[in-house]
Amino acid sequence: MNKICLTLISLSLVSISNAQNVNSGPQDTPQPISAINISVSNVEETTADEFFEDAERNERRGDLNEALILFGKAAFEYNNDKKFSRYGASLLRMSNVHLLLSHYTEAEQVVLNAALKTYSRIGSKSGQMASYNQLGKIYFAANKLTQSLWFYSQQGMLAQQLKNNISYIDSVLGIALVKIKKKEYSLAMKDVDRAELLAKNAKITQFAQQIKSSRSTIAEKQNIKK
């Protein structure tokens, strides 16, 4: 199974290195399939869409190896069809499945060698921002905290440029997690406070539980330290 996955990744990387004359402008941040809008005739709908949807279903039910294969197939087909934003989205989902499987090197390489390069080439800052976020998560999980902090910071800078409050708050909370792991609790709390204020001012509620959890973790760690 792993050999098949690695073959699919290699095929994707070869395809992207040969891709020329990209005819796509900046795209929105890649998200799950709901963000992949297909408003063309059935003739234009390739099997890539089916692969992607099947991959999501397998991921939801916990069949991660099968999801990895299907996201790889979707990425390969999207790249062949020159649907580069969807290609990038599939690559990021592949990377995330690798992350769930604790395949940190594979998760990193899919983003660095394919997704990030694709988004840079098509001029998608939001895609680059999503790639930085994914790399922040990967390096955090792999305990490479300096790299994680750098990529979360890059995400935050792009989020500010794009006036994307949700992604910016997400980056601040990512940085806070890194500082907690580095035992820099006072600095981490300042980031959590800033994220909470930003969320309140922007009337964003989706980070409430994460903020609460981070506060609780910091308090617990500080008590242990004492």
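Here is a walk through this structure, from its overall make-up to a few individual residues.

What you have is a predicted model, so local features are described only where pLDDT is at least 70, side-chain atom pairs count only at pLDDT 80 or more, and totals for chains, interfaces and linings use all residues. Residues are numbered from 1 along each chain as its sequence is written, and side-chain values use heavy atoms, with hydrogens and water left out.

Let's begin with the whole chain. The protein chain has 10 helices and zero strands, where helices (H or I, at least four residues) and strands (E, at least two) are DSSP runs numbered from the N terminus. Follow the sequence and the pattern reads α-α-α-α-α-α-α-α-α-α. Of its 226 residues, 45% count as buried; buried means under 20% relative accessible area, exposed means over 50%, and partly exposed is in between, using a 1.4 Å probe and protein chains only. Now take the contacts in the protein chain (heavy atoms within 4.5 Å) with a separation of 6 or more: residues 24 or more positions apart account for 64% of them.

Next, how do helices sit against each other? Two packed helices are described by the angle between their axes and the distance between the axes. Here the axes are lines fitted to C-alpha atoms, for helices over the stretch in contact, and angles run from 0 to 180 degrees between N-to-C directions. Helix α6 (residues 125-141) packs with helix α7 (residues 145-161) at an angle of about 155°, and their axes are 8 Å apart. That makes α6 roughly antiparallel to α7; by the cut-offs, angles under 35 degrees are roughly parallel, over 145 roughly antiparallel, 65 to 115 roughly perpendicular, and the rest oblique. On the α6 side, the residues making the contact include M129, Y132 and F140, while those on the α7 side include F151, Y152 and L158. The crossing of α6 past α7 is left-handed, a label used if the near helix is turned anticlockwise from the far one by less than a right angle, with right-handed used if clockwise.

Further along, helix α8 (residues 165-181) and α9 have axes that come within 8 Å and cross at roughly 165°. So α8 is roughly antiparallel to α9. Among the residues in this contact are Y168, I169, V172 and L173 of α8, together with Y185, L187, A188 and V192 of α9. As α8 passes α9, the crossing is left-handed.

K163 sits in the loop between α7 and α8, and K183 in the loop between α8 and α9. K163 is not a glycine, yet its phi is positive, about 55°. K183, also a residue other than glycine, has a positive phi near 65°. K163 counts as exposed because its relative accessibility is 71%, and K183 counts as exposed because its value is 59%.

Now for the charged residues. Side chains of opposite charge can pair when their charged atoms come close. Counting a salt bridge as a side-chain nitrogen of Lys or Arg within 4 Å of a carboxyl oxygen of Asp or Glu, the total is eight. One of them joins R93 to E56, at 2.8 Å from N to O. R93 lies in helix α4 (residues 84-100) and E56 in helix α2 (residues 47-60), so this pair ties together parts that are 37 residues apart in sequence. Both R93 and E56 are buried.

R93 also forms a salt bridge with E59, at 3.0 Å from N to O. This pair again links helix α4 to helix α2, across 34 residues. E59 counts as buried because its relative accessibility is 16%. R215 and E196 give another salt bridge, at 2.5 Å from N to O. R215 is in helix α10 (residues 208-225) and E196 in helix α9 (residues 185-201), so parts 19 residues apart in sequence are tied together. R215 counts as partly exposed because its relative accessibility is 25%, and E196 is partly exposed at 37%. Through shared partners, salt bridges join E56, E59 and R93 into one network.

Leaving aside neighbours within four places in sequence, E108 is in contact with L135, I138 and Y139.
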